[in-house]
Amino acid sequence: MGATAAVCFSRAGYTVRAWGRNPAKLMAVPPVLGQLHDFLDEHVGPPAGRVGDIDLSADLREVDEHAHVILECVTEDLD
């Protein structure tokens, strides 16, 4: 959910700061973001304007200092 939200906001022109407490898991995020952009390009079309950056960080203080809005996206076990 978090990667999808980040891509949607960035395609709307916003800079996104995505936080994760595990730096190793953050390293796996960029390919997922690319796949989501490709999917949206194919099924929705390219963004109409400037695409905002998606900055990844394991430092919650950095996110707190720069964020205007925080959207909490967590993994949920639905079983």
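Helices, of at least four residues, and strands, of at least two, are taken here as DSSP runs numbered from the N terminus. On this basis the predicted model contains four helices and two strands, and these elements follow one another along the sequence in the pattern α-β-α-α-β-α. The C-alpha trace of the chain extends over about 35 × 35 × 20 Å along its principal axes. Of the 79 residues in the chain, 22% are buried. Where contacts link residues at least 6 apart in sequence, 86% of them join residues at least 24 apart.

The packing of two helices was examined next. Helix H1, covering residues 2-11, packs against helix H3, covering residues 29-43, with an axis separation of 10 Å and an angle of about 60°. H1 and H3 are therefore classed as oblique to each other, and their crossing is right-handed. On the H1 side the contact is made by Ala3, Thr4, Val7, Ser10 and Arg11, and on the H3 side by Val32, Leu33, Leu36, His37, Leu40 and Asp41. Sorted by class, the residues in this contact comprise six nonpolar, three polar and two charged.

Aromatic rings were also considered. One aromatic pair is found in the whole structure. The pair consists of phenylalanine 9 and tyrosine 14, whose ring centres lie 6.3 Å apart; the ring planes stand at 75°, so the arrangement is edge-to-face, planes over 60 degrees apart being counted as such. Phenylalanine 9 has a relative accessible area of 44% and is partly exposed, whereas tyrosine 14, at 53%, is exposed.

Technical notes: Residues numbered from 1 in each chain as written. Predicted model: local features only at pLDDT ≥ 70, side-chain atom pairs only at ≥ 80, totals over all residues. Heavy atoms only, no water. Phe/Tyr/Trp six-rings, centres within 6.5 Å; stacked < 30°, edge-to-face > 60°. Buried < 20%, exposed > 50% of the residue type's maximum accessible area, 1.4 Å probe, protein only. Axes fitted to C-alpha atoms, helices over the stretch in contact; angles between N-to-C directions. Parallel < 35°, antiparallel > 145°, perpendicular 65-115°, else oblique. Left-handed = near helix turned anticlockwise from the far one by under 90°. Contact = heavy atoms within 4.5 Å. Nonpolar A, V, L, I, M, F, W, Y, C, P; charged D, E, K, R; others polar.
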